[in-house]
Amino acid sequence: MWIDTHCHLDAPEFDADRDAVVARAKAAGVDMLVLPAVAVFNFDTVRELAHQHQLSYALGIHPLCVDGAADADLNTLAAALKAHADDPRLVAVGEIGLDHFVAGLDREKQERFYWAQLKLARAAGLPVLLHVRRSADAVLKGLRRHEGVGGIAHAFNGSAQQADEFVKRGLRLGFGGAMTFERAHQIRERLVAVPETAPVMETDAPDIPPHWLYRTAEQRAAGETTGRNEPAELPRIAQTLAELRGWSHEHTAAQTRANAFAALPRLARLMAA
């Protein structure tokens with residue numbers, strides 16, 4: 001059985017068929033999804049979806065949402081983490097981190113919110129789901145300043161040295177649809193080189209579609225529907241990991257599941273209950 005460690009089930013792309021999306025995932029053997037929040041407006045939504053569908057969730061403020069966030073939102077996050085501290089379905093603080101790819105964002109504010117959320121995670125005894133887009137060194141700097149915070153570096157696409165540093169700090173590395181593209185040389189190299197205890201599976205659905213769902217700009221302009229990713233695709237995505245590492249499908253499922261449990265200890269307890 002599979003765990004999707006990063007799925008935005010609350011996204012509007014799923015409004016028309018959300019229940020069917022979950023049903024397809026479970027029919028495909030994906031028996032657990034982790035639903036990260038992105039801002040205070042969807043804290044309640046991800047929690048309610050997790051309880052409705054027997055899934056899990058994380059609470060945090062995404063770096064792409066930081067520019068529109070107020071400092072008071074950090075207090076709202078702290079209060080939510082305290083209010084739901086005993087909720088077994090709350091497994092992490094996230095999605096948090098830094099984005100150095102999108103132009104025009106306030107990097108100073110991003111860093112301030114990121115460090116504040118690392119402090120909240122440490123105080124709550126929770127791991128983090130990290131957004132690390134063109135920002136691995138800066139994200140690692142925050143982790144060094146806030147020792148003891150583990151979790152997952154989501155959609156990892158950094159260097160070998162950066163991968164080693166995350167792994168040395170006890171974090172796992174998230175891999176998904178991007179690795180299915182043959183041209184994704186760096187991601188595939190990292191996937192093969194990291195210890196077997198490092199990779200976890202994720203979709204980032206509805207985003208980061210695998211190659212069989214991807215539509216080019218020309219295809220979209222011609223009227224072809226944009227390929228929406230969904231958690232039921234996870235086992236097929238994972239076949240790329242299996243092939244690159246020379247693992248069986250069964251071993252890939254078991255190892256990435258064990259890695260997810262190590263990254264998110266509450267998840268292990270939730271699924272053992």
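**Exercise 1.** Work out whether Glu230 is buried or exposed, and find the partner its side chain meets in a salt bridge.

*Solution.* Keep in mind that you're looking at a predicted model.
- Step 1: Glu230 has a relative accessibility of 10%. Buried means under 20%, so Glu230 counts as buried.
- Step 2: The salt-bridge partner is Arg24, with 2.8 Å from N to O.
- Step 3: Now check where the two sit. Glu230 is in the loop between α8 (217-221) and α9 (234-245), while Arg24 belongs to helix α1 (residues 18-27). That's a link between distant parts of the chain, 206 residues apart.
- Step 4: Look at the cover on Arg24. Its relative accessible area is 35%, so Arg24 is partly exposed.

**Exercise 2.** Find the salt bridge that Arg133 forms, and say which strands hold the two residues.

*Solution.* 
- Step 1: Arg133 pairs up with Asp99, and their closest N and O atoms are 2.8 Å apart.
- Step 2: Arg133 lies in strand β5 and Asp99 in strand β4, so this pair ties together parts 34 residues apart in sequence.
- Step 3: Compare the two ends. Arg133, at 31% relative accessibility, is partly exposed, whereas Asp99, at 1%, is buried.
- Step 4: Salt bridges with shared partners also build one network out of Asp17, Arg24, Arg228 and Glu230.

**Exercise 3.** Explain why β4 can be called largely enclosed, and name the strands it pairs with.

*Solution.* 
- Step 1: Go through β4 residue by residue: ten of the ten are buried, so the rest of the structure largely encloses this strand.
- Step 2: One partner is strand β3 (residues 56-59), which runs parallel to β4 over three bridges. Here Leu59 has Val93 of β4 as its bridge partner.
- Step 3: Strand β5 (residues 128-133) also pairs with β4 in the parallel sense, over six bridges.

Terms used:
Residues are numbered from 1 along each chain as its sequence is written. This is a predicted model: local features need pLDDT of at least 70, side-chain atom pairs count only at pLDDT 80 or more; totals for chains, interfaces and linings use all residues. Side-chain values use heavy atoms; hydrogens and water are left out. Buried means under 20% relative accessible area, exposed over 50%, partly exposed in between (1.4 Å probe, protein chains only). Helices (H or I, at least four residues) and strands (E, at least two) are DSSP runs, numbered from the N terminus. Two strands pair if DSSP finds at least two bridges between them. A salt bridge is a side-chain nitrogen of Lys or Arg within 4 Å of a carboxyl oxygen of Asp or Glu.
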